[in-house]
Amino acid sequence: NCGHLLLAISAATEVSFSFDVGNGPVEIVVRSPNPLNDDQWHRVNAERNVKQASLQVDQLPLEVRKAPTEGHTRLELYSQLYVGAAGGQRGFLGCIRSLRMNGVTLDLEERAKVTPGVKPGCSGHCTSYGMYCANGGKCVEKYNGYSCDCSKTAYDGPFCIKDVGAFFEEGMWLRYNFHSPGTSVKDLVSRTLLSSADPEITAPDLSLNKEELSFSFSTTKSPCVLFYVSSYTPDFMAVLVNPTGNLQIRYNLGGTKEPYNIDIDHRNMANGQPHTVNVTRNGRDIVLQLDHYPPTSYSLPATSDIQFNSPKALFLGKVIEIGKIDQDIYKYNTPGFTGCLSRVQFNQIAPLKAALRPTNASSHVHIQGELVESNCGASPLTIPPMSAATDPWHLDSGKVAFIADFPYNGQAIGGGVNRNSAIIGGVIAVVIFTILCTLVFLIRYMFRHKGTYHTNEAKGAESAESADAAIMNNDPNFTETIDESKKEWLI
């Protein structure tokens with residue numbers, strides 16, 4: 001009797017295990033809900049014994065086929081083992097590793113060195129080039145290449161480095177619902193305006209012990225609400241620009257009479273410059289990084305809860321929640337944020353990207369006004385400011401009477417130009433002008449003294465019999481002297 005044993009990808013979503021021990025062909029098929037030709041590694045385990053045969057692919061359910069009670073049980077094979085292709089079959093295109101038969105690992109790499117069309121080593125392109133997928137992008141293997149999956153990031157582009165941002169006009173806002181919105185526009189709007197304390201709303205069984213928030217913004221108007229997360233409880237998180245232009249992070253997780261505030265009062269953030277904000281909370285610990293400054297750690301009060309209970313919606317630009325809202329946030333809501341927001345990401349949610357790109361989360365977004373895509377807030381400041389001790393342009397208020405005319409720490413002046421940059425630019429211009437003037441003077445001096453030799457030779461020297469004759473012919477005084485000497489006097 002002549003049997004066979006075959007393990008194959010029979011379709012894009014199917015792996016088949018077939019054999020014949022003399023009782024007729026038997027086939028077991030495992031069907032996957034997702035395509036298996038996705039350039040990702042998949043594990044296959046096929047087994048046959050006298051009692052049963054089984055096949056498992058990845059973590060999918062095990063498929064089992066019991067052996068017949070009577071008939072042949074011994075599998076006799078008379079041909080060589082073929083891996084990747086057999087006579088008349090379509091060849092396998094991809095990678096195979098860790099092939100084991102009856103507990104013995106077969107050395108495929110050594111055989112690949114002497115087999116035409118097969119190359120040893122199958123670590124994949126992501127092992128070598130996955131680092132180029134930036135900002136949390138996931139490297140995806142492709143045949144003879146790779147790609148970057150940016151779906152879980154707030155970025156776009158081949159390498160997940162393109163900012164996705166938008167310009168907000170006054171009064172505009174964006175809301176991202178953490179849970180699926182209603183089936184109709186009317187229901188969506190009604191849910192948007194529902195109070196957090198509405199008894200008809202049942203709070204979902206969800207709480208956050210940690211959050212990761214990052215975004216970039218630029219604005220010239222304050223106060224305003226940049227970012228806000230509401231909940232079905234009094235809990236909230238907010239990032240604000242207060243009336244003086246300073247940034248404030250505000251947490252209310254319960255357990256305290258007043259919200260916990262982190263005030264960044266060392267510079268004006270409403271100066272038209274792009275700024276980046278990164279906030280990470282893990283339990284009671286909060287880490288904030290602003291622009292190029294080193295990260296700063298904070299801690300929630302000992303009485304504060306550490307769970308963000310039942311998050312409801314995320315707002316950008318303005319908070320539209322009827323009910324009990326923090327008074328400062330309520331005041332900062334008018335007239336609303338005007339400026340740019342870019343690469344906004346809260347945990348795995350990228351609300352701006354969901355609004356501007358067709359993604360799986362686009363149905364969770366509701367926008368009031370016209371959202372215009374822009375990268376005007378995409379490039380944060382990268383040059384750290386110099387300290388007063390090392391800054392040669394720092395003005396000492398005790399020595400200079402007009403120090404009050406200069407804004408603090410690079411505050412924007414006319415047209416967003418930094419005053420320190422203007423001073424440096426003026427000095428450079430003066431130096432260049434001085435160098436040019438020096439070059440012009442040197443060139444004129446060189447050309448003035450270059451060329452013919454200036455002498456005092458008498459005119460007509462070429463036709464005179466001698467130099468003395470030329471002098472006598474051209475110097476009238478000399479002539480008179482000669483004439484006078486020629487005169488004779490009789491005494």
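Predicted model: local features only at pLDDT ≥ 70, side-chain atom pairs only at ≥ 80, totals over all residues.
Side-chain values use heavy atoms, with hydrogens and water left out.

The secondary structure of the protein chain comprises 8 helices and 30 strands, where helices (H or I, at least four residues) and strands (E, at least two) are DSSP runs numbered from the N terminus. Of the 491 residues in the chain, 32% count as buried; buried means under 20% relative accessible area, exposed means over 50%, and partly exposed lies in between, with a 1.4 Å probe and protein chains only. The accessible surface of the protein chain, computed by the Shrake-Rupley method with a 1.4 Å probe, comes to about 31400 Å², and 54% of this surface belongs to carbon and sulfur atoms. Among contacts (heavy atoms within 4.5 Å) with a separation of 6 or more, 60% are between residues 24 or more positions apart.

Strands of a sheet pair through backbone hydrogen bonds, either parallel or antiparallel. Two strands are taken to pair if DSSP finds at least two bridges between them. An open sheet of 7 strands has the order S23-S22-S21-S16-S26-S13-S28, with antiparallel pairing, and its edge strands, S23 (296-299) and S28 (372-373), each pair on one side only. Within this sheet, strand S16 (residues 210-219) pairs with S26 in the antiparallel sense over 6 bridges, and the bridge partner of Ser218 in S26 is Cys340.

A further open sheet is formed by 3 strands in the order S4-S5-S6, again with antiparallel pairing; here S4 (44-48) and S6 are the edge strands, each of which pairs on one side only. Strands S4 and S5 run antiparallel and are joined by 5 bridges, with Arg48 standing opposite Ala53 in S5. Strand S5 (residues 52-57) in turn pairs with strand S6 (residues 63-66) in the antiparallel sense over 4 bridges, and Leu55 stands opposite Glu63 in S6. The hairpin of S5 and S6 has 5 residues between the strands, and in this hairpin Asp58 takes a positive phi near 55°.

A pair of aromatic rings is described by the distance of the centres and the angle of the planes. Rings of Phe, Tyr and Trp (its six-membered ring) pair if their centres lie within 6.5 Å, and planes under 30 degrees apart count as stacked, over 60 as edge-to-face and the rest as tilted. By this rule there are 12 aromatic pairs. One of them, formed by Phe215 and Phe217, is tilted, with 6.1 Å centre to centre and 40° between the planes, and both Phe215 and Phe217 are buried. The pair of Phe227 and Phe346 is also tilted, because the ring centres are 5.7 Å apart and the planes are at 45°. This pair links distant parts of the chain, since Phe227 lies in strand S17 (residues 224-231) and Phe346 in strand S26 (residues 339-346), 119 residues apart. Phe227 and Phe346 are both buried. Ring pairs link Tyr176, Phe178, Phe215, Phe217, Phe227 and Phe346 into a cluster.

Charged side chains also meet aromatic rings, a charge being said to sit over a ring if NZ of Lys or CZ of Arg is within 6 Å of the ring centre and within 35 degrees of the ring normal. The charged end of Arg97 sits over the ring of Trp41, 3.6 Å from its centre, while that of Arg48 sits over the ring of Phe19, 6.0 Å from its centre.

Key:
Residues numbered from 1 in each chain as written.
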